[in-house]
Structures are given as structure tokens and as C-alpha cells.
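My entries follow in the order in which I looked things up.

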Amino acid sequence: MAKLTDTQLIVLSKAAARDDGAAVVPDRMNKAAAMKVGSSLVGRRLMREIRSKPGMPIWREDEDGRHISLIITRAGRDAIGVADDGGEAESPAAAKSNNPMPAHAEHPPMSGLPRAGSKQALVVAMLSKDKGVTLDALVEATGWLPHTTRAAMTGLRKRGFAIERTHDKTKGSLYRIAGDPKASARA
């Protein structure tokens, strides 16, 4: 997949952080730029358009004046390295045909911990080291860009992980999970 622009990454990251998975037009972005970013994300199947529901952010209006929202897809979450926690609504028939495993086997309920073997699980393991880890080490281990790695740490914070930053004279900023990662994820 071709690289994503910073704006595309920001739109995807903010959508992934929302419970409804809806994209919000960034501040200071004009309508033409929003249309271009939105159409490129839809064209790459990283987001999909739906009719806006009450309370959802509106991305654009169609030719009939109906409000349209952009929703992040599983591919969009994968592109930024964020686990799919049910943000995209699928029909039950589509979920059954695409996924032979039951939903509870993929995502243990209320665990807060990332799926074993995922890049997020790798990040949690690295952040669990007593001395901490640098952002550069996380970037190298995951293959993500620095801003994507920071977004993943923000996502972990939102899931209940207590991530603290300390300063080392030689290494710079070190990040680590304070306390037991399993306990902080359940909190």
C-alpha cells in the first residue's frame, strides 16, 4: 500500500479513537481539501461513506443535500496499526461469511489487552520493561512512523494503560507502563 499523508493519518487516527469510528474534518481544512482527502480514503477502502445519523460528525453533503459521514474500515485500522474493536458496523451475514471464528475468540471481552502476536502487543511488551523504551526503538520494532507510534500509545492510554514518560540524559525520553500492564488494562 502506498504511504499515507499526514492529513490522512490524522483523519484515520481520530476516527479510530471515536466510539462510532466517524471521521471529523480537521480544523482549518477547507471543503475542497476535505473532499480530496475523503475521496482518497474511500477510494483506498480505508473509510466508507454512510448517511449521517444524529450526533455523528458530517464530512460532506451529497448532491441531494443529505449529510454523509466517513466511517473507518478494518483496512483503515490496519493501515494505522490500531486493533479493530468493533468500530465498524457490519451486517451479521457479512461478519459470518468473512470470519469463521466467533467474535469472543478474537477479542476477549473486557480484557483491555491487545490481541496476542499483534504489533500493539509488541508495544505493550516493550513498554513493560522496567527501564522503559525510546520512541525510536518502538518505531524500529513495529515499522510504524513516529506519529503512528505515538497514536498507538495514546490509544493504549485510552484503554486504561498508565504510560509514563521519563527523561534519560543519554537516551532522551523513555516510555514505560507504570505498574502491572494487565492490572492497568483492566482498570
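**Helix α1 against helix α8.** I found α1 and α8 roughly parallel to each other, a word I use for angles under 35 degrees, with over 145 counting as roughly antiparallel, 65 to 115 as roughly perpendicular and the rest as oblique. Helix α1 (residues 6-17) packs on α8 at an angle of about 10°, and the axes are 11 Å apart. The axes are lines fitted to C-alpha atoms, for helices over the stretch in contact, and the angles run from 0 to 180 degrees between N-to-C directions. Asp6, Leu9, Ser13 and Ala17 of α1 make the contact with His147, Thr148, Ala151 and Lys158 of α8, where contact means heavy atoms within 4.5 Å. I sorted the residues of this contact into three nonpolar, three polar and two charged; Ala, Val, Leu, Ile, Met, Phe, Trp, Tyr, Cys and Pro count as nonpolar, Asp, Glu, Lys and Arg as charged, and the others, Gly among them, as polar.

**Ground rules.** I note that this is a predicted model, in which local features need pLDDT of at least 70 and side-chain atom pairs count only at pLDDT 80 or more, while totals for chains, interfaces and linings use all residues. Residues are numbered from 1 along each chain as its sequence is written, and side-chain values use heavy atoms, with hydrogens and water left out. Helices (H or I, at least four residues) and strands (E, at least two) are DSSP runs, numbered from the N terminus.

**Helix α7 against helix α8.** I then turned to α7 and α8, whose axes come within 9 Å and cross at roughly 100°, and which are therefore roughly perpendicular to each other. Here Leu135, Leu138, Val139 and Thr142 of α7 meet Pro146, Thr149, Arg150 and Met153 of α8, a set that divides into five nonpolar, two polar and one charged.

**Threonine 149.** I looked up this residue in helix α8 (residues 146-158) and found threonine 149 buried, with a relative accessible area of 0%; buried means under 20% relative accessible area, exposed over 50%, and partly exposed in between (1.4 Å probe, protein chains only). Leaving aside residues up to four places away in sequence, threonine 149 touches Leu135, Leu138, Val139, Thr142 and Trp144.

In α6 (residues 119-127) I found Gln120, Val123, Val124, Met126 and Leu127 buried. They lie on the same side of α6, because they cover an arc of only 165° around the axis, taken from the directions from the helix axis to the C-beta atoms. In the loop between α6 and α7 I checked aspartate 130, which is exposed at a relative accessible area of 70%.

I traced an open sheet of three strands in the order β1-β3-β2, with antiparallel pairing; two strands pair if DSSP finds at least two bridges between them. Strands β1 (47-51) and β2 (60-61) stand at the edges with a single partner strand each, so one side of each has no neighbour in the sheet. Helix α2 (residues 31-43) lies across β1, β2 and β3 and runs at about 110° to β1.

**Arginine 28.** I found arginine 28 in the loop between α1 and α2, with phi near 65°, a positive value in a residue other than glycine.
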